[in-house]
Amino acid sequence: MRVEDLRTHFVTPSGVVRAVDGVSFEVAAGETFGLVGESGCGKSVTCRSLLRLVPEPPAAISGRVLFEGRDLLALPRSALRTVRGRRIAMVFQDPMTALNPVIRVGDQIAEVLREHQDVTRRQARARALELMGLVGIPAPRERIDDYPHQFSGGMRQRVVIAIALACNPRLLLADEPTTALDVTIQDQILKLLLRLQQTLGMSIVLVTHDLAIVAQTCHRVAVMYAGTIVEQAATDTLLAAPRHPYTRGLLDSLPNVRERSRYLQPIPGAPPDLVRPPSGCRFHPRCPLVADACVREQPPLRQVAPDHLSACLYHDRLAERAAAGSSSPIGVQR
Amino acid sequence: MNGAAPLIDAIHVSKSFVVDSSPLRRLRGLPPLQLHAVRDLSLQVARGETVGLVGESGCGKTTFGRCLVRLYRPSSGQILHNGVDIFSPAGERSARGSIQMIFQDPYSSLNPRLTVRQTIGEVLRVKRGLAGGAVATRVAELLNQVGLAPELADRFPNQLSGGQRQRVGIARALAVEPDVIVCDEAVSALDVSVQAQVLNLLMRLQDELGLTYLFIAHNLGVVRHISKRVAVMYLGRLVEQSDVEDLFREPLHPYSRALLQAMPVLDTRRRSLDDAVAGDLPSPIAPPPGCPFHPRCPHAMPRCREETPALLPAPAGRTVACFLYHR
């Protein structure tokens with residue numbers, strides 16, 4: 001999948017909210033690509049816009065989403081339905097609201113198969129059983145006629161994943177799939193997704209707010225801030241030597257085991273209002289490296305090293321610090 | 001804890017809730033269905049200390065925190081604050097105000113129809129008996145203490161960000177001049193950059209005011225940062241209690257081990273495809289007999305299915321409830 005200059009703007013009474021404002025990235029076959037950022041940065045809207053799952057209006061989506069040789073944003077609605085659920089599937093955050101509470105889970109899985117594939121009722125049910133086993137639901141034969149409320153949160157998320165995998169999609173969009181789950185269950189679901197990816201060879205776009213989850217799952221990652229991608233790189237590169245002060249700030253905000261100090265290094269201030277984003281670089285009001293140029297122009301996302309993009313004019317300064325062996329924070333006051 | 005009497009001493013605290021006492025159950029001759037949220041929990045907290053309380057949803061950590069601030073009355077057991085039972089008449093007078101709570105959700109824990117000034121002022125009038133100009137002065141002081149600009153005093157909660165709301169929640173707790181604050185998932189709902197700001201604030205307040213914290217959270221990274229000691233709960237029971245660094249270096253209880261392994265870390269080299277622990281969390285209404293963790297435990301022995309292991313001392317001042325360590 002290749003995304004070019006995706007923009008999703010919402011028209012609201014208080015003005016145009018530029019939730020996603022010029023986002024471009026590529027997802028390779030078989031890869032896990034992370035979209036990470038804090039609440040309101042546009043990561044979920046980006047994910048939903050790829051399948052046009054945001055209501056239009058109030059949303060206006062522009063740009064190009066190229067997938068298997070077609071631009072999904074230019075397809076008529078009817079053609080889009082053959083892509084959604086079949087070639088690209090989605091897993092949402094809350095497994096309770098993603099499932100229909102009054103339909104048995106087996107029927108919900110079978111429904112997808114009957115919708116997208118030419119199968120009999122009996123075949124669909126057999127495949128539903130198989131899928132429930134694949135996603136690790138114990139005793140699927142006994143659980144297939146249960147309703148969602150009879151499942152725990154983790155098991156419900158497994159059902160949602162079974163529905164997503166029903167048609168062997170090439171790409172899975174996972175929007176905070178484990179945020180509502182407990183730590184040990186989160187671990188199980190993430191490992192399940194990774195194992196399924198290995199056996200089925202699909203690509204995954206994982207939307208999350210948790211850099212540690214990215215570290216454990218993603219090959220490459222894009223960091224979003226205020227509707228734009230500010231940095232993109234291979235996961236280990238990004239974590240070891242970030243080249244954007246926002247990424248650096250996020251890492252410094254986390255409690256660090258190696259450099260224990262009593263006080264953390266938070267990013268000062270709060271994310272901006274997307275109706276009136278700051279001029280120039282959207283991070284400049286909170287940035288320790290801010291200079292006049294940052295206020296005037298919005299720096300483009302440029303290549304700063306092989307397979308490493310940054311939208312900071314002063315990315316070199318971060319690189320120098322990394323080269324000097326210092327991973328200490330960039331002098332943000334507490 | 002160095003011999004001095006603990007500031008908080010919870011002794012064999014249990015709390016159960018009746019979840020079903022319908023006439024139908026009574027007709028069938030069944031007793032009311034009970035959920036044992038906290039079972040036989042003993043925990044001590046010294047003055048000025050921060051103790052982390054960790055565990056997954058339904059493990060009873062919030063229920064225990066609520067018992068401390070007397071939102072719930074324990075079904076059995078005692079909670080002493082400064083040596084006084086907080087549920088005795090003397091305790092009701094003295095403890096009121098001296099154990100306060102900060103809640104998880106800064107959106108639902110503030111009254112949406114009161115301004116910041118009214119929210120804090122109400123506490124000052126009712127709990128501290130202040131009136132008139134003294135209230136305004138103290139509100140300004142408190143806002144300053146939690147790092148909120150004075151002009152925010154006349155805002156309503158919906159005009160504040162999540163981090164600002166949580167600061168208001170902290171100011172409200174401080175208004176009573178407590179010596180203990182129960183932080184119930186106080187930073188869980190916040191984004192990391194804001195979370196770090198609030199954690200710093202909590203630590204600064206502790207340094208300035210000598211506060212004691214019981215820090216309830218599921219995020220082990222945050223708990224490790226802020227706590228000196230940590231207690232791990234599973235299905236209503238304390239399974240391990242330890243110095244925080246000892247726990248991270250060498251977790252004793254198999255559940256603590258699983259919990260640490262399941263926690264994602266910022267290190268791409270520590271990837272694996274294997275589950276940290278199999279199985280689902282059992283329902284606290286029908287917990288497994290014996291050790292509550294035995295159905296998921298890789299070391300389960302026949303004995304674990306029948307008996308509940310007691311929380312016994314282990315080296316380095318730790319305690320653990322597991323037969324692997326019973327000699």
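Chain A has an average pLDDT of 87, with 95% of the residues scoring at least 70, although one stretch calls for care, as noted at the end.

- β4(A) pairs with strand β5 (residues 70-71) of chain A through two bridges, in the antiparallel sense.
- Across this pairing, Phe67(A) sits opposite Arg70(A) of β5(A).
- Strand β4 (residues 59-67) of chain A also pairs with strand β1 (residues 2-12) of chain A, again antiparallel, and here the pairing runs over seven bridges.
- In that pairing Thr8(A) faces Ile61(A) of β4(A).

**The open sheet (chain A)**

- Eight strands form an open sheet with mixed pairing, and their order is β6-β7-β8-β3-β9-β10-β12-β11 (chain A).
- The edges are held by β6 (88-91) and β11 (302-305) of chain A; each has a single partner strand, so one side of each is left without a neighbour in the sheet.
- From one strand to the next, the twist averages 25°.
- Within this order, strand β3 (residues 32-36) and strand β9 (residues 220-225) of chain A run parallel and are joined by four bridges.
- Phe33(A) has Arg220(A) as its bridge partner in β9(A).

**Helices α4 and α5 in chain A**

- Helix α4 (residues 105-116) and helix α5 (residues 121-134) of chain A cross at roughly 120°, and their axes come within 9 Å.
- That angle makes α4(A) oblique to α5(A).
- The crossing of these two chain A helices is right-handed.
- On the α4(A) side the meeting residues are Gly106(A), Ile109(A), Ala110(A), Leu113(A) and Arg114(A); on the α5(A) side they are Ala124(A), Arg125(A), Arg127(A), Ala128(A) and Leu131(A).
- Sorted by class, this contact has six nonpolar, one polar and three charged residues.

**Helices α4 and α5 in chain B**

- Helix α4 (residues 116-128) and helix α5 (residues 133-145) of chain B pack with their axes 10 Å apart, at an angle of about 120°.
- Here too the angle makes α4(B) oblique to α5(B).
- The handedness of the α4(B)–α5(B) crossing is right-handed.
- Arg117(B), Ile120(B), Gly121(B), Leu124(B) and Arg125(B) of α4(B) make the contact with Val135(B), Arg138(B), Val139(B) and Leu142(B) of α5(B).
- The classes in this contact are five nonpolar, one polar and three charged residues.

**Where the chains touch**

- In the contact between the chains, 36 residues of chain B meet 37 residues of chain A.
- On the chain B side, the elements giving two or more residues are α7 (192-209), α8 (220-226) and α10 (254-262) of chain B.
- α7(B) supplies the largest share of that side, with nine residues.
- The side of chain B that touches chain A is made up of 17 nonpolar, eleven polar and eight charged residues.

**Where to read with care**

- Residues 326-334 of chain A have a pLDDT below 50, yet beyond near neighbours in sequence this stretch has 17 contacts in the model.
- Where pLDDT is low, the predicted coordinates should not be read in detail.

Terms used: Residues numbered from 1 in each chain as written. Chains lettered and ligands numbered in written order. Predicted model: local features only at pLDDT ≥ 70, side-chain atom pairs only at ≥ 80, totals over all residues. Axes fitted to C-alpha atoms, helices over the stretch in contact; angles between N-to-C directions. Parallel < 35°, antiparallel > 145°, perpendicular 65-115°, else oblique. Left-handed = near helix turned anticlockwise from the far one by under 90°. Contact = placed C-beta atoms within 7 Å. Nonpolar A, V, L, I, M, F, W, Y, C, P; charged D, E, K, R; others polar. Pairing = 2+ DSSP bridges. pLDDT = per-residue confidence, 0-100.
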